[in-house]
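Please look over the sequence and the model before reading on.

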Amino acid sequence: MIMIASPSIRHTSMVVHLTVAALVAAALQLSVPVHSQGLGDWPPAPHSGGKACNIDAQCGIPAANCPSLRRKCASLTGSCISGRCMCAANMYGCPNCHAKATLVRNTTDVSQFYYTTEQPLLNGSASSVNICTAPQGGGACSADTDCGTLGGLCLDKTCVCPDGWMCSYCTLQLNDLLYGVGCDVQSGGGKCQSDKDCHHGSCIPSVPGLPSSPKYCHCDPLYACAFCDKDVINLSKRNASCNTAT
């Protein structure tokens, strides 16, 4: 037997369906900021893109296959177009597109948003830092070991830093920068034989899975310097400094 719903039942079902859809759409509009020209089309942070480049990997966060493809590999956040970095989306900032900008509300028009690379410091000072003030790679090099020993690559004779690493030679972690230290401090990288050489850190082979490769110190959170022997808070307050040896 074939059952056919009456017109009134079909009409009621359609009204309920449309009402639910309208409620969902309204909820999405309230919870997700959408620019009038499309999602994610808010203004980029100032000075996003434009840095001189020769290869895509110099424009942002290098792809995972860069250690094997070398200078032919891609960037995840930008491209080298006619000798200048062009960011892949407005959410990526700084001249070489390496920063993940933060979306903030416009205080003069609360219906609008914009991206910024200004970040609050984590040291309790109520100050902030623009993460573009520290370079992300770009130092002259001849080998990967010139680029921080902790994942940096020497591509086209310049250092290209992995995600989260800063300064010309990829020596400082972004998190340490957000605690107020600068490129005069390095986040690990001292050559070591065992964990005891690294104080508040671990002695890790430079080539994952190859224990015979040179080993370098990787610091625990909130510790820095080549052998992870100083805490970041004291370094940011200039109560301590990194030594060339421990």
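Q: How do the residues of the lining of the largest pocket divide into nonpolar, polar and charged?
A: This is a predicted model, in which local features need pLDDT of at least 70 and side-chain atom pairs count only at pLDDT 80 or more, while totals for chains, interfaces and linings use all residues. Residues are numbered from 1 along each chain as its sequence is written, and side-chain values use heavy atoms, with hydrogens and water left out. Ala, Val, Leu, Ile, Met, Phe, Trp, Tyr, Cys and Pro count as nonpolar, Asp, Glu, Lys and Arg as charged, and the others, Gly among them, as polar. On this basis the lining holds 12 nonpolar, five polar and two charged residues.

Q: Which residues lie nearest the centre of the largest pocket?
A: A pocket is an open set of points on a 1 Å grid over the protein atoms alone where a 1.4 Å probe fits, with protein on both sides within 12 Å along at least five of seven lines; lining residues have an atom within 4 Å of a point. The largest pocket is lined by 19 residues. Nearest its centre are Asp 144, Gly 151, Gly 152, Leu 153 and Ser 206.

Q: Why does Lys 230 count as buried?
A: Lys 230 is placed in strand E16 (residues 230-231), a strand being a DSSP run (E) of at least two residues, numbered from the N terminus. Buried means under 20% relative accessible area, with a 1.4 Å probe and protein chains only. Lys 230 counts as buried because its relative accessibility is 18%.

Q: Which residue's side chain makes a polar contact with the side chain of Lys 230?
A: A polar contact is a pair of N or O atoms within 3.5 Å; within protein, one must be able to donate a hydrogen and the other to accept it, and residues adjacent in sequence count only if both atoms are side-chain atoms. For Lys 230 the distance is 3.0 Å, and the partner is Asp 229.

Q: Where is Asn 96 placed?
A: Asn 96 counts as buried, at 5% relative accessibility. A polar contact of 2.7 Å joins its side chain to that of His 98. The place of Asn 96 is the loop between strand E3 (92-93) and strand E4 (99-100).

Q: What percentage of the 246 residues in the protein chain do buried residues make up?
A: Lys 230 is one of the buried residues, at 18% relative accessibility, and Asn 96 is another, at 5%. In the protein chain, the buried share is 35%.

Notes: Helices (H or I, at least four residues) and strands (E, at least two) are DSSP runs, numbered from the N terminus. Buried means under 20% relative accessible area, exposed over 50%, partly exposed in between (1.4 Å probe, protein chains only).
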